[in-house]
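Here are some notes for a colleague who is opening this structure for the first time. They are numbered so that each point can be checked on its own.

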Amino acid sequence: MGIQKTNVMRVLDSAHIPYNTYTYENRDGAIDGISVANKIGQPAEKVYKTLVTRGASKNFFIFVIPVGKELNLKAAAKSVGEKSVEMIRMDEINRVTGYIRGGCSPIGMKKDYTTVVDSSCGNIDSIIFSAGKIGFQVEIKPQELVDFIKAGVAPVID
């Protein structure tokens with residue numbers, strides 16, 4: 001019996017983008033990025049999290065950064081041409097993206113938001129991120145992610 005497919009996996013399949021899948025146990029509630037990296041046996045530098053922000057213009061922006069790093073809000077705002085950006089509230093994540101906290105993926109959101117992947121992705125051969133459901137991660141080449149979601153690449157971490 002094959003692995004349960006998430007919407008992200010189906011989108012990647014239909015785009016003919018090869019990926020590896022990782023699953024992890026989440027009943028312990030440890031779904032933060034560092035815990036996920038440890039659970040799937042991968043270095044935290046390869047595992048990225050998807051952050052949702054709102055700019056001064058009230059538009060939403062997505063940032064994909066390494067799980068062990070923090071988003072530099074000034075650099076993030078500059079990368080998308082905003083005066084400022086701030087993280088959205090947790091209770092807004094599902095309404096804005098269609099995903100829940102801990103399962104937010106840069107692929108398959110309700111809308112195509114301007115997305116920036118941190119430039120550290122250029123230092124690794126593959127990037128691992130949420131497959132759109134807690135307990136599932138996918139791994140693809142960073143450039144394939146950037147090209148597929150039409151993301152920018154910029155230094156946006158501290």
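**Notes on the predicted model**

1. Lys58 is exposed, with a relative accessibility of 59%; exposed stands for over 50% relative accessible area, buried for under 20% and partly exposed for what lies in between, with a 1.4 Å probe and protein chains only. Lys58 is placed in the loop between strand 2 and strand 3. Its phi is positive, near 80 degrees, and the residue is not a glycine.

2. On the basis of these notes: this is a predicted model, in which local features need pLDDT of at least 70 and side-chain atom pairs count only at pLDDT 80 or more, while totals for chains, interfaces and linings use all residues. Residues are numbered from 1 along each chain as its sequence is written, and side-chain values use heavy atoms, with hydrogens and water left out.

3. Most residues other than glycine have a negative phi. Lys150 is not a glycine, yet its phi is positive, about 55 degrees. Lys150 sits in the loop between helix 5 (142–149) and strand 8 and is exposed at 73% relative accessible area. His16, which follows helix 1, also has a positive phi, near 60 degrees.

4. An open sheet of 5 strands runs in the order 4-2-3-5-8, with mixed pairing; two strands pair if DSSP finds at least two bridges between them. Strand 4 (85–87) and strand 8 (152–154) are at the edges with a single partner strand each, so one side of each has no neighbour in the sheet. On average, neighbouring strands of this sheet are turned by 35 degrees against each other, direction ignored; the axes are lines fitted to C-alpha atoms, for helices over the stretch in contact, and angles run from 0 to 180 degrees between N-to-C directions.

5. How do strand 2 and strand 4 pair? Strand 2 (residues 48–55) pairs with strand 4 in the antiparallel sense, over 3 bridges. Gly55 is opposite Val85 of strand 4.

6. Which residues of helix 1 (residues 7–14) are buried? They are Val8, Met9 and Leu12. Viewed down the axis of helix 1, these buried residues fall within an arc of 100 degrees, so they line one face of the helix; the arc is taken from the directions from the helix axis to the C-beta atoms. In an α-helix there are 3.6 residues a turn, so residues three or four places apart point the same way. The buried residues of helix 1 pack against strand 1 (20–23) and strand 7 (136–140), where contact means heavy atoms within 4.5 Å.

7. The model has 1 aromatic pair; rings of Phe, Tyr and Trp (its six-membered ring) pair if their centres lie within 6.5 Å, and planes under 30 degrees apart count as stacked, over 60 as edge-to-face and the rest as tilted. Phe60 and Tyr113 make up the pair, which is edge-to-face, with 5.8 Å centre to centre and 75 degrees between the planes. The pair links distant parts of the chain, 53 residues apart: Phe60 is in strand 3 (residues 60–66) and Tyr113 in the loop between helix 4 (93–97) and strand 5 (114–118). Phe60 is buried at 17%, and Tyr113 is buried at 15%.

8. Leaving aside neighbours within four places in sequence, Tyr113 is in contact with Phe60, Ile62 and Val96. Tyr113 and Ile62 are 51 residues apart in sequence, with 6.6 Å from C-alpha to C-alpha.

9. There are 9 salt bridges, each a side-chain nitrogen of Lys or Arg within 4 Å of a carboxyl oxygen of Asp or Glu. One of them joins Asp125 and Lys46, with 4.0 Å between the closest N and O atoms. This pair links distant parts of the chain, 79 residues apart: Asp125 is in the loop between strand 5 and strand 6 (127–130), and Lys46 in the loop between helix 2 (33–39) and strand 2. Asp125 is exposed at 58%, whereas Lys46 is buried at 14%.

10. Arg89 and Glu92 form another salt bridge, their closest N and O atoms being 3.9 Å apart. Arg89 is exposed at 52%, but Glu92 is buried at 5%. Salt bridges with shared partners join Arg54, Arg89, Asp91, Glu92 and Arg95 into one network.

Terms used:
Helices (H or I, at least four residues) and strands (E, at least two) are DSSP runs, numbered from the N terminus.
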